[in-house]
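Me: I would like to go through the labels attached to this model one at a time, setting each value against the cut-off behind it.

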Amino acid sequence: PAITIITPGQPINIYLDNCGPVGTHVDIKFTKGPTTLTCANAIVLIKDTVVQCTAPNGAGTGWSVSGTVDRARVGPSPIQPSFTQSFSFPPPVVTSLTMTTGGVAQVHGQHFGDSTSMVTVLITSSHWSPATSTVIATVVSSTLLEIPVTVVAGTISVTVQVSAGGQLGSTATLPLTFAAPVISAPVVFLPAGGQASIV
């Protein structure tokens with residue numbers, strides 16, 4: 001069988017001979033070590049040819065994809081009741097960077113996996129400390145990571161590279177804009193003979 005992946009959460013097609021009539025249920029799982037992901041809503045889309053399901057939010061290489069056709073729907077031989085094939089998800093891609101008010105940088109993109117994925121972000125910037133840092137990211141979703149940052153002001157240029165599931169993505173140099181400082185309730189002290197202070 002050949003697997004064509006689009007994006008996590010979107011339909012993928014698995015080309016599988018003798019998979020039965022349209023609507024036949026197929027149990028499809030992605031496995032890597034102790035982690036097992038299910039390809040949801042897997043049914044035969046084209047008789048004896050194509051199975052379609054919703055891609056799981058996996059990341060990286062070295063996955064094994066296995067599937068079992070519902071024999072009760074397919075009937076006796078000739079059929080291919082089960083299959084196993086190696087598989088790699090597309091490498092992570094970074095598209096933009098944003099800041100939250102809590103001093104957390106958000107990395108937007110694709111193919112970051114899910115909350116169980118081991119994801120690191122390599123950051124290079126003359127404004128960062130240290131200038132080259134590898135940070136373990138919090139995976140919010142397959143398209144969003146969060147990493148803590150040292151709060152600075154203005155807009156800086158940052159080069160980022162994400163590694164998800166042992167698979168390294170390409171580098172991207174992007175702007176990161178920090179919120180301007182805000183004095184919510186200024187209090188002015190005017191000491192005798194001294195300079196004014198704002199807190």
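**Labels and their cut-offs**

Reply: Gladly, with the caution that this is a predicted model, in which the protein averages a pLDDT of 80 and 77% of the residues score at least 70.

Me: Why is the pairing of aspartate 27 and lysine 29 called a salt bridge?

Reply: The N to O distance between their side chains is 3.8 Å, and the cut-off is within 4 Å for a nitrogen of Lys or Arg and a carboxyl oxygen of Asp or Glu, so the pair qualifies.

Me: What makes aspartate 27 and lysine 29 buried, partly exposed or exposed?

Reply: Aspartate 27 has a relative accessible area of 32% and lysine 29 has 28%; buried means under 20% and exposed over 50%, so both residues are partly exposed.

Me: How do you know that aspartate 48 and lysine 47 form a salt bridge?

Reply: Their closest N and O atoms are 3.0 Å apart, which is within the 4 Å limit, and therefore the pair counts. A search of the whole structure finds two salt bridges.

Me: Why is lysine 47 called exposed, while aspartate 48 is called partly exposed?

Reply: The relative accessible area of lysine 47 is 52%, and exposed means over 50%, so the label holds. Aspartate 48, at 26%, lies between the 20% and 50% limits and is therefore partly exposed.

Notes: Residues numbered from 1 in each chain as written. Heavy atoms only, no water. pLDDT = per-residue confidence, 0-100. Buried < 20%, exposed > 50% of the residue type's maximum accessible area, 1.4 Å probe, protein only.
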